[in-house]
Amino acid sequence: MAQESPKSSAAEIPVTSNGQLEDSHEHSFNRDLKCSLPVGLGLSETKITSHGFDSAKEGVVEAGQFPSSPASPKSSVISPSSAAASRLAGQGCDLIIPTGGRAQQKSGPVVLADEVKNPAMEKLELVRKWSLNTYKCTRQIISEKLGRGSRTVDLELEAQIDILRDNKKKYENILKLAQTLSTQLFQMVHTQRQLGDAFADLSLKSLELHEEFGYNADTQKLLAKNGETLLGAINFFIASVNTLVNKTIEDTLLTVKQYESARIEYDAYRTDLEELNLGPRDANTLPKIEQSQQLFQVHKEKYDKMRNDVSIKLKFLEENKVKVLHNQLVLFHNAIAAYFAGNQKQLEQTLKQFHIKLKTPGADAPSWLEEQ
């Protein structure tokens, strides 16, 4: 008599009258447990006990080390076989076959990204270079002031720069005196105009002195008018000299400052290169000497470029200065001479020669009709 096979869990699944599976809560729970196997546990260490639906412990998952004895009739052990894998895959489960008791990690495409530069490291490198350059330049300046270090000198260029700075101070003094003269002349013209108005008023009210007051009124008004013309010429002279001193010469001196900074950097790196060349030459010092030679060459080119720029600007400045001052000095002389000589016609002709237009009183701002 053949031995009756143990009752499997599949035989206990109830079937309805039309042959379809009964979608009960117990069967759904049992299926979900099969699909939710822990990833970290090997299949050899996991068993799913599926009792009959009349049992109180249905759908219990037990994890542990199983003995080598065959499975009990009331339980079914899932083994890493193709049949079990197909059954679980058919139930919508994601199955990962472990190797050596560990779950294999899912491997995906390897993405190789370009190396991203760190902004903080770039800033740190810039600060390091700036600090090193500042240290070298400061050391060079101190050594020059103490008389220990050598400096590169272009005698011809240095003489031109000294003359320019000295002339700038003298031009600033002329500009200051001309501004003082303009202020005083403006006050005098204003006083003469007020005095002429007072004489004209008295000439109308004093019949016995009508002619005398009238003569003085006309004289003061004429002097005020000529003073305004002279004031226009002086202000034009001041504006031109101010442009020459505070813009043209100042721009050239700014280039001179850049040239002097380049000269200090050049001498600083030249001194470093000379010190390295005087020292021993071995495997450690040769890379330093080569790097110092490259930096020295860079600063030498910068120094030569700035020296050429200064020479060109000094040449053009000298030509512009002569032309501007020649015209302005002629204007100033002719205007002053014509004013004190009382030659009103010559004074007006001088302003026309230099295309100077005088502003009439109250003509500073246009009227609202002119703006429309």
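# Asking how we know

Colleague: Let's start with Ile336. Where is Ile336 found?

Modeller: Ile336 is found in helix H6. Keep in mind that we are looking at a predicted model.

Colleague: What makes Leu230 a contact of Ile336?

Modeller: A contact needs heavy atoms within 4.5 Å. Leaving aside neighbours within four places in sequence, Ile336 meets that condition with Leu230 and Ile234. Ile336 and Leu230 are 106 residues apart in sequence, yet their C-alpha atoms are 7.0 Å apart in space.

Colleague: Let's turn to charges. What makes Glu125 and Arg128 a salt bridge?

Modeller: The cut-off is 4 Å between a side-chain nitrogen of Lys or Arg and a carboxyl oxygen of Asp or Glu. For Glu125 and Arg128, the N to O distance is 2.8 Å, and the pair is listed as a salt bridge. In general, side chains of opposite charge can pair when their charged atoms come close. Glu125 and Arg128 are three residues apart in helix H3, so about one helical turn separates them. Both residues get the label partly exposed: Glu125 has a relative accessible area of 33%, and Arg128 has 47%.

Colleague: How do you know that Asp272 and Lys136 form a salt bridge?

Modeller: Their closest N and O atoms are 2.3 Å apart, and the limit is 4 Å. Asp272 lies in helix H5 and Lys136 in helix H3, so this pair ties together parts that are 136 residues apart in sequence. With under 20% as the mark for buried, Asp272 qualifies at 9% and Lys136 qualifies at 14%.

Colleague: Why do Asp309 and Lys305 get separate accessibility labels?

Modeller: Exposed needs over 50%. Lys305 reaches 52%, so it counts as exposed, whereas Asp309 has 27% and is partly exposed. Their side chains meet in a salt bridge of 3.2 Å, N to O. Asp309 and Lys305 both lie in helix H6, four residues apart, or about one turn of the helix.

Colleague: How many salt bridges are there in the whole structure?

Modeller: A search finds 18.

Colleague: Now the rings. How many aromatic pairs are counted?

Modeller: The count is six aromatic pairs. One of them joins Phe237 and Phe332.

Colleague: Why is the pair of Phe237 and Phe332 called tilted?

Modeller: Phe237 and Phe332 are 4.9 Å apart, centre to centre, with 40 degrees between the planes, and the pair is tilted. Phe237 lies in helix H5 and Phe332 in helix H6, so the pair ties together parts that are 95 residues apart in sequence. Phe237 is buried at 5%, whereas Phe332 is partly exposed at 26%.

Colleague: What makes the pair of Tyr339 and Phe340 edge-to-face?

Modeller: That name needs planes over 60 degrees apart. Tyr339 and Phe340 have 85 degrees between their planes and 4.9 Å between their centres, and the pair is edge-to-face. Tyr339 is buried at 11%, and Phe340 is exposed at 65%.

Colleague: Where is H5 kinked?

Modeller: The kink in H5 is centred on Glu250, at about 35 degrees. H5 has 69 residues and reaches 98 Å from its first C-alpha to its last, close to the expected 102 Å.

Colleague: Which helices have the lowest and highest confidence?

Modeller: Helix H8 is lowest, with a mean pLDDT of 42, and helix H4 is highest, at 93. Residues 33–86 have pLDDT below 50; this stretch has 67 contacts in the model beyond near neighbours in sequence. Where pLDDT is low, the predicted coordinates should not be read in detail.

Key. Residues numbered from 1 in each chain as written. Predicted model: local features only at pLDDT ≥ 70, side-chain atom pairs only at ≥ 80, totals over all residues. Heavy atoms only, no water. Helix = DSSP H or I, 4+ residues; strand = E, 2+ residues; numbered from the N terminus. Expected span 1.5 Å × (residues − 1). Bend = angle between axes of the 7 residues up to and from the residue. Buried < 20%, exposed > 50% of the residue type's maximum accessible area, 1.4 Å probe, protein only. pLDDT = per-residue confidence, 0-100. Phe/Tyr/Trp six-rings, centres within 6.5 Å; stacked < 30°, edge-to-face > 60°.
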